[in-house]
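Colleague: Hi, could you walk me through this one? I'd like the backbone details and the packing.

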Amino acid sequence: MIRNIIQYPTQTGFEFGGTVRHFDETLHILITDLKDTINANALEGLAAFQIGSPLNVIVIKQKDGSFLEVMNPSIFTKEGELTPTESTAYYPNLTAVTQRAKTIKVAYDDAQGKQQYLTAHDDLAVLIQRKNDYLLGSTFIARLNPKEKVIFENKLKGLSNTDAKATCNISPYSDKILTLIKYALLLGLIGLVVTFFSSLIPYLKIFESYLMLSIAVLIGIYFIRALYEGKRCGVCQIGNTTAMALIKSMHLGALYLLNHWVLF
Amino acid sequence: MARVVIMGGGVSGHTAATFSKKWLGDEHEVVVVTPNSQWNWIPSNIWVGVGQMQKKDVVFPLAPVYEKAGIVYKQALAKAIHPNGKESSDKPFIVIESTKKDSLGQTEELEYDYLINATGPKLNFDATPGLGNGKGQMGTNTVSVCTAEHAIHANLELKQVFEKAKKAKENGTGEKQKILVGTGHGMCTCQGAAFEYIFNIEHEAKKAGVRDMLDIKWISNEAFLGDFGMGGLHMKVGGYAVSSKLFAESLYAERNVEWIIGAHTSKVEDGKIEYELLDGTKHEETFDFAMLIPPFSGVGFKAYDKDGSDITDVLFAPNGFMKVDAKYDAGAYENWKASDWPSTYQNPSFSNIFACGIAFAPPHLISKPMTSPNGTAINPTPPRTGMPAGIIGKAVAHSVCDMIKKGKDAHLHEASMAEMGAACVASAGKGILDGSAAAMTVYPVVPDFEKYPGTGRDTDYTFGEIGLAGHWIKHILHHMFIWKAKLKPGWTFIPE
């Protein structure tokens, strides 16, 4: 029976990774459904999760048209590296450059429950690894480097391949500004130690005043820059950015009160 | 007055002894027989193994603690059980052999009314040629962190490797030192200790400035990283469900630790191991420093009937662990059920004998059984250490105390690993500000595929996280459990 293929944004939840323990008619029906669904959608393979089953089952359509039925796969050896551009039915029309092993060795059970071994290279190795990700409650997102991950997340937001890559090519200055604010606040606190030296208090008052003013300006700059970066990367971060700016403003307020109490 | 004899003074035995005494009071006698004079908080041995703790931080003398508690302490090795007594007496007894300096080797017959077997395992180094010395002890080719003494030795060897790496860096030779950590046999358990040790080595190497001069590699009998002898688990991480395999793979990749899995270490030589993979292929791996956990077996008790005939197979499974109320004939993997696992830990032939901790024979594996085409079994055996060992020890003590106080038909307390959750905090580096540890919970320890179809576990009660806070918890637990074991004020309030 041809089954519907689960697509993004349906999440895996907790229903994945169920070990096949009974090699019975129910399993054989599941395998048949996977084959029918592969044929109907002209796919290379499917993991059981993709048609709604939590079991550790993968069916691969091989080049000669035969099917490789893999239950409870365990990839125990990985050799070499590949960076293929992958696509999967879970993310229709989207691609990503992943990091995969070139050769894998897999121990698995066949449809009769007999333990088998397989050494797969290149395309087949990549395909098994991709399907195996579903059995682990994940997708190929787990195999992207941080830069590719950002690009792919942009694609998920509807940006084209080109835009997804281009728009995010900016430096995250907002993080650096945030670090600067943190150190400035710390400096303000440490500066209060100088109150122990009464002769320096007039200078300290001036220093603390300018420091607090600078922090206020930096918070403003951070807010604007963080919104800009979010917009360029197609990410709505207004909530987070506002919250962070408010937290830093509260820290500044606390420093002001402390100064007012100790110095002014 | 009844006498309860507890063989073994580890986590499970110590818990059983101390709670038995607390509940029985002075009306009955509690006797602990253990060959060790010191109690060892084994989870912290890994920190001794990297020089971050001293032996004195992880052990303390048992005698004063038992004296304070009113527990009779026999520093001796239990050798044989006579559950039906002997021809001249029906009273059951065990034969013990002193390990004290002043009475070394002297044997004694110790009668009991109730016997709790909590011996822990025999570290079966000799199961792998070259891992042991042929006399039942660790060999010279590798190190171990299974005991505090082993850990001290491991640290000394590790420091030499760090020193060599430092010199190679200074001399610019670029010669890297190879470190291999993991399991020394296809049927090992306790992957967690090796997991902790490898990441603590990695952490210390960074601190020593020699990380770039080390090739650190993991070798394990797990079919996948993150199996941990429990068939892996699903964890909630940041609101998402993640397989322990992905969790572990990410950690290994992040720390640049390579791995070999599905491996049975078949032979160990000086600087080299031979291993067989799940597909039957055979390989070699060289090393400058290797810490390989040995497989566990029963301690090798003998049991004799009244007439002196050998009845060891009545009390013990072939692997030397004690038979309890488990279903040992469950058959193939597809027939395994949560109910196969014991709940009362009472020996089926002798109602006054119990086993707890590692000493009880599990009905079967937890992980899926795997064999190579050569017929070599390569899979982790079930873990019974840590939290489950303590909980089971306490439940067994409760049952024994009830049988003494309420009669032999008293309801037995249950602590099945198939109905028990467990928390594990695995150190990945020690440091107040730069330490880290992976904290994980799992429920139940043994998957129940009937109650929780699919994964066999209740995912509402599983989570995993790695970070500095985990290290703080691990360090706090170190002090808490030693406090508890020393029976200091409030010890009963600290959970197992």
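Colleague: What should I know about the model and its numbering before we start?

Modeller: This is a predicted model, where local features need pLDDT of at least 70, side-chain atom pairs count only at pLDDT 80 or more, and totals for chains, interfaces and linings use all residues. Residues are numbered from 1 along each chain as its sequence is written, while chains are lettered from A and ligands numbered from 1 in the order in which they are written.

Colleague: Great. Is strand β1 of chain B enclosed or open, and why?

Modeller: Strand β1(B), residues 3-7, is largely enclosed by the rest of the structure because 4 of its 5 residues are buried. Buried means 20 or more other C-beta atoms within 10 Å of a residue's own, exposed means 12 or fewer, and partly exposed is in between, with C-beta atoms placed from the backbone. Strands are DSSP runs of E with at least two residues and helices are runs of H or I with at least four, numbered from the N terminus.

Colleague: Which strands does β1(B) pair with?

Modeller: β1(B) runs parallel to β2(B), residues 29-34, with 5 bridges joining them, and Val5(B) sits opposite Val31(B) there. β1(B) also pairs with β8(B), residues 114-117, in the parallel sense over 4 bridges; in that pairing Ile6(B) has Ile116(B) as its bridge partner. Strands count as paired if DSSP finds at least two bridges between them.

Colleague: And which helix goes with β1(B) and β2(B) in a β-α-β unit?

Modeller: That is α1(B), and the unit is right-handed. With the strands pointing away from the viewer, the path from the first strand over the helix to the second runs clockwise in a right-handed crossover.

Colleague: How does α1(B) cross α9(B)?

Modeller: The axes of α1(B), residues 11-24, and α9(B), residues 386-406, come within 8 Å and cross at roughly 35 degrees. Axes here are lines fitted to C-alpha atoms over the stretch in contact, with angles from 0 to 180 degrees between N-to-C directions. The crossing is right-handed, that is, the near helix is turned clockwise from the far one by less than a right angle.

Colleague: Which residues meet there?

Modeller: Among them are Phe19(B) and Trp23(B) from α1(B), and Val396(B) and Ile404(B) from α9(B). Contact means C-beta atoms, placed from the backbone, within 7 Å. By class, there are 12 nonpolar, 7 polar and 1 charged residues. Ala, Val, Leu, Ile, Met, Phe, Trp, Tyr, Cys and Pro count as nonpolar, Asp, Glu, Lys and Arg as charged, and the others, Gly among them, as polar.

Colleague: Switching topic: where are the cis peptide bonds you flagged?

Modeller: One joins Tyr8(A) and Pro9(A), with omega about 15 degrees, and Pro9(A) is in the segment before α1 of chain A. Another joins Tyr443(B) and Pro444(B), with omega about -15 degrees; Pro444(B) is in the loop between β23 and β24 of chain B.

Colleague: Is Ala42(A), with its positive phi, buried or exposed?

Modeller: Ala42(A), whose phi is about 50 degrees, is exposed, with 7 other C-beta atoms within 10 Å. Ala42(A) lies in the loop between α1 and β1 of chain A.

Colleague: Last one: how many residues does each chain give to the contact?

Modeller: Chain A gives 22 residues and chain B gives 24. On the side of chain A that touches chain B, β3(A) gives the most, with 4 residues.

Methods. Two residues are in contact if their C-beta atoms, placed from the backbone, lie within 7 Å.
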